[in-house]
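Here is a short briefing for a first look.

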Amino acid sequence: MKIHRKNYLLFVFILFSIALKAQPGPGKQAMEIALPSLSGDTLKLSSLKGKVVLLDFWASWCGPCRFSNKKLVKLYSKYKSQGFEIYSVSIDDSRGDWKKAIQKDKITWIQVNDAGGWDARTAITWNITGIPTSYLINKEGKLVGMDLEGKDLEEAVKDLLGK
Amino acid sequence: MKKIIFLFVLAVITSTLQAQFSRATLQASGLTCAMCSKAVKVALEKVPFVQEVKVDIKNQQYNLVFKEGNNVDFDALSKAVEDAGFSVASFKATGNFSHVKAAKDSHAEVAGLNLHFLNGNDENLVGERTITIVDKNFLSAKEFKKYASTSKHACVQTGKADGCCTKEGIAANTRVYHVII
């Protein structure tokens with residue numbers, strides 16, 4: 001019986017480690033992110049509670065991310081006043097490149113930087129394996145969607161804003 | 001006598017240590033943005049003789065450092081990139097050469113690998129030098145054709161020892177890397 005119990009504990013431990021490694025899933029509370037913005041002030045993801053938030057991982061050198069930025073600019077201007085916010089985490093090593101991309105893409109939403117590319121701490125914590133990767137977060141700070149684009153994203157944002 | 005044997009062993013060890021590839025640069029390409037995925041980096045890190053993989057965004061390449069004292073296997077790197085869903089678009093390896101003659105269609109064994117030079121001005125390679133591998137799976141199909149057309153030898157197409165290589169004592173069908181310097 002003792003051995004049995006040990007095995008059981010091991011099993012639970014393994015399950016737990018798998019859960020820790022897995023990508024954050026829907027229904028879970030968004031893990032805290034606190035990173036410096038362009039001005040250098042630290043901006044917390046949790047400070048946006050009460051808003052519908054799109055958490056977006058990107059980098060200036062990522063072509064598909066830049067393409068997505070163009071679409072997000074439109075979405076943001078449309079729903080910003082209703083309580084929609086975007087929290088973009090760049091994994092750029094170069095602050096200069098990051099800044100240039102923000103200006104060029106005309107981004108006015110929250111931008112923070114975690115230098116280090118794939119080794120950036122936030123990228124590891126959130127188990128980011130490709131960019132762009134985005135999460136939709138509801139007013140209670142819970143993850144409700146991942147990698148939504150275009151119409152699907154807009155519908156989800158509209159829906160969450162109305163709740 | 002013991003001393004002589006010891007010195008001999010030491011000499012053999014140091015000479016094999018010297019003839020080593022220490023690092024490489026690799027570019028990957030695919031249908032989607034290769035740098036936007038962590039897959040290539042992770043796959044390369046899993047190759048046993050790879051010590052470190054750094055993503056070099058500016059040059060759009062991966063900078064690899066090999067473990068000391070290990071013979072490297074370039075094909076394993078190409079396979080790792082392919083298994084990650086991408087292909088190698090450029091591969092340059094840097095190693096220590098001790099008096100290797102580089103001339104068109106000259107052969108050399110360096111760090112346990114058979115090299116077949118597709119160019120070179122009869123240069124005597126000494127010390128740290130960088131070679132570019134131009135075998136299939138190490139560059140784009142278009143570029144491979146370009147290099148393959150510069151040689152009449154069948155081994156350039158297959159990457160396996162053929163007529164010109166076996167003449168120099170390399171067993172037929174042994175893996176031969178075609179390189180330019």
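**A covered strand and a chain contact**

Strand β4 (residues 84–90) of chain A is mostly covered, with 7 of its 7 residues buried. The model is predicted.

**Faces of β4(A)**

- In a regular strand, side chains alternate between the two faces of the sheet.
- A:F84, A:I86, A:S88 and A:S90 point one way from β4(A).
- A:E85, A:Y87 and A:V89 point the other way.
- The residues on both sides are buried.

**Neighbours of β4(A)**

- Strand β3 (residues 52–58) of chain A runs parallel to β4(A), and 7 bridges join the two.
- A:L54 stands opposite A:I86 in β4(A).
- A:Y87 has A:I110 in β5(A) as its bridge partner.
- β4(A), helix α3 (residues 95–104) of chain A and β5(A) make a right-handed β-α-β unit.

**Contact of chains A and B**

- Chain A gives 10 residues to the contact and chain B gives 9 residues.
- B:C36, B:K38 and B:I57 supply 64% of the area that chain B buries against chain A, more than any other three residues.
- The side chains of A:D119 and B:K41 meet in a salt bridge, at 3.1 Å from N to O.
- Across the interface, 3 residue pairs are in polar contact.

Note on methods: Residues numbered from 1 in each chain as written. Chains lettered and ligands numbered in written order. Predicted model: local features only at pLDDT ≥ 70, side-chain atom pairs only at ≥ 80, totals over all residues. Heavy atoms only, no water. Buried < 20%, exposed > 50% of the residue type's maximum accessible area, 1.4 Å probe, protein only. Helix = DSSP H or I, 4+ residues; strand = E, 2+ residues; numbered from the N terminus. Pairing = 2+ DSSP bridges. Right-handed = clockwise from strand over helix to strand, strands pointing away. Contact = heavy atoms within 4.5 Å. Buried area = accessible area lost by both parts, 1.4 Å probe. Salt bridge = Lys/Arg side-chain N within 4 Å of Asp/Glu carboxyl O. Polar contact = N/O pair within 3.5 Å; in protein donor to acceptor, adjacent residues only side chain to side chain.
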